[in-house]
Amino acid sequence: MTEMIQKDLSAEVQEKVADWLQRFPDNQKQSAVLGGLHAIQHEYGYLPVIQMDALAEKLEMPAIAVYEVASFYSMFELEPVGEHTIAVCTNLSCLLRGGEQMLGYLESKLNIKCGQSTSDGKYYLKQEEECLAGCCGAPMMQINHVYYENLTEAKVDEILDALD
Ligand code: FES
């Protein structure tokens with residue numbers, strides 16, 4: 001994303017946060033932190049520190065507590081990444097059915113290693129994921145949180161071509 005990072009939360013993020021806040025008691029504002037972080041990541045593709053600070057202020061919680069939540073969940077990115085996030089499962093069921101081979105194929109196809117983005121900013125190959133709860137379709141991966149199962153190299157090619 002090339003978007004300029006704003007100091008304040010955008011109107012859209014503020015609206016989402018307000019929607020979450022009305023679901024919790026007034027003295028539990030921090031309960032909206034996950035919803036707020038999702039909204040910021042949706043806008044920027046990752047979580048800029050300045051935006052997490054703005055969220056902390058809005059939710060009347062220490063900034064460090066927002067950073068702790070953001071760094072705990074693997075669904076949040078703390079640095080800018082490629083447009084399409086690819087997460088290949090290499091946990092047991094997927095491992096037994098070729099998950100590591102699929103990961104290796106993607107690394108060589110995209111010419112990047114796990115944890116890196118392509119130079120054109122199009123793809124981000126997320127660090128190897130733990131079980132993504134799609135074991136019956138092993139080997140599997142998520143792209144932008146959509147599940148793709150029973151992968152083969154040919155199927156991976158088709159899936160990526162469809163993203164172009
Ligand atoms: S082990 Fe890969 S989805 Fe469960």
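## Order of the elements

From the N terminus on, the elements of this chain run α-α-α-α-β-α-α-β-β-β-α, which comes to seven helices and four strands. Helices (H or I, at least four residues) and strands (E, at least two) are DSSP runs, numbered from the N terminus. What you are looking at is a predicted model, in which local features need pLDDT of at least 70 and side-chain atom pairs count only at pLDDT 80 or more, while totals for chains, interfaces and linings use all residues. Residues are numbered from 1 along each chain as its sequence is written, and side-chain values use heavy atoms, with hydrogens and water left out.

Along its principal axes, the C-alpha trace spans about 50 × 30 × 25 Å. Of the 164 residues in the chain, 43% are buried; buried means under 20% relative accessible area, exposed over 50% and partly exposed in between, with a 1.4 Å probe and protein chains only. Contact here means heavy atoms within 4.5 Å. Among contacts with a separation of 6 or more, 61% are between residues 24 or more positions apart.

## The sheet

Now to the strands. Four of them form an open sheet in the order S2-S1-S3-S4, with mixed pairing. Two strands count as paired if DSSP finds at least two bridges between them. Strands of a sheet pair through backbone hydrogen bonds, either parallel or antiparallel. The edge strands are S2 (123-125) and S4 (146-148), each pairing on one side only. Neighbouring strands are turned by 25° against each other on average, direction ignored.

You can follow the pairing residue by residue. S1 and S2 pair in the parallel sense over three bridges, and the bridge partner of Ile-86 in S2 is Leu-125. Three bridges also join S1 to S3, and these two strands run antiparallel; here Val-88 stands opposite Met-141 in S3. S3 (residues 141-143) and S4 pair in the antiparallel sense over three bridges, with Gln-142 opposite Tyr-147 in S4.

Five of the five residues of S1 are buried, so S1 is largely enclosed by the rest of the structure. Both of its faces are covered: His-84, Ile-86 and Val-88 lie on one side, Thr-85 and Ala-87 on the other, and all are buried.

Helix H6 (residues 99-110) lies across S1 (84-88), S2 and S3, running at about 150° to S1. Helix H7 (residues 153-163) packs on the sheet and touches S1, S2, S3 and S4; its direction makes about 10° with that of S3. For these angles, axes are lines fitted to C-alpha atoms, for helices over the stretch in contact, and angles run from 0 to 180 degrees between N-to-C directions.

## Helix H4 and its partners

Helix H3 (residues 49-58) and helix H4 (residues 63-72) have axes that come within 8 Å and cross at roughly 120°. That makes H3 oblique to H4; angles under 35 degrees count as roughly parallel, over 145 as roughly antiparallel, 65 to 115 as roughly perpendicular and the rest as oblique. On the H3 side the contact is made by Val-49, Met-52, Asp-53, Leu-55 and Ala-56, and on the H4 side by Ala-63, Val-66, Tyr-67 and Ala-70. By class, this contact has eight nonpolar, no polar and one charged residues. Ala, Val, Leu, Ile, Met, Phe, Trp, Tyr, Cys and Pro count as nonpolar, Asp, Glu, Lys and Arg as charged, and the others, Gly among them, as polar.

Helix H2 (residues 33-44) also meets H4: their axes come within 11 Å and cross at roughly 70°. H2 and H4 are therefore roughly perpendicular to each other. In this contact, Val-33, Leu-34 and Leu-37 of H2 meet Val-66, Val-69 and Ala-70 of H4, giving six nonpolar, no polar and no charged residues.

## Two buried residues

Leu-55, in helix H3, is buried, with a relative accessible area of 0%. Not counting residues up to four places away in sequence, Leu-55 touches Leu-9, Val-17, Val-33, Gly-36, Leu-37, Ile-40 and Val-66. The C-alpha atoms of Leu-55 and Val-17 are separated by 8.7 Å, with the two residues 38 apart along the chain.

Glu-77 sits in the loop between H4 and S1, and is buried too, with a relative accessible area of 8%. Leaving aside neighbours within four places in sequence, Glu-77 is in contact with Gln-41, Gly-45, Tyr-46, Leu-47, Tyr-124 and Lys-126.
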